[in-house]
Amino acid sequence: MTVVVSSLRIVVTSATNTTDDRRATMKVSAYHSSSQSDPDVHHDHNDCPTGQQIPAYNKVSGTGGFPRCKQCRDKG
Ligand SMILES: [Zn+2]
């Protein structure tokens with residue numbers, strides 16, 4: 001008794017890696033949040049995690065007299 005198993009599998013592997021892993025640090029002019037609940041700091045990098053949490057309607061240009069945020073200082 002002969003059993004022929006025809007198992008043809010075509011595995012299509014998508015090797016397209018579109019992950020953009022660049023650490024694009026963009027220095028911008030100083031901005032801060034007008035919200036009382038946000039930390040009293042100003043930012044000068046547009047990719048600052050804290051700065052990115054400021055919604056557009058709370059974003060005010062200028063330092064506001066606040067010190068520079070730590071994450072922005074670390075970025076240089
Ligand atoms: Zn910042």
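I began with the order of the elements, which from the N terminus on is β-β-α-β-α, where helices (H or I, at least four residues) and strands (E, at least two) are DSSP runs numbered from the N terminus. I noted that the chain has 2 helices and 3 strands.

Before going further I wrote down that this is a predicted model, in which local features need pLDDT of at least 70, side-chain atom pairs count only at pLDDT 80 or more, and totals for chains, interfaces and linings use all residues. Residues are numbered from 1 along each chain as its sequence is written.

Next I looked up the sheet, which is open, has 3 strands in the order β2-β1-β3, and pairs in the antiparallel sense; two strands count as paired if DSSP finds at least two bridges between them. I saw that β2 (42–45) and β3 (59–61) stand at the edges with a single partner strand each, so one side of each is left without a neighbour in the sheet.

I then followed the pairings of β1 (residues 27–33), which joins β3 over 3 antiparallel bridges. On that side H32 has V60 as its bridge partner in β3, and S33 has K59. Another 3 bridges join β1 to β2, again antiparallel, and there Y31 has H43 in β2 as its bridge partner.

Lastly I checked burial and found that buried residues (20 or more other C-beta atoms within 10 Å of their own, with C-beta atoms placed from the backbone) make up 16% of the 76 residues in the chain.

Definitions and conventions. A residue is buried if 20 or more other C-beta atoms lie within 10 Å of its own, exposed if 12 or fewer, and partly exposed in between; C-beta atoms are placed from the backbone.
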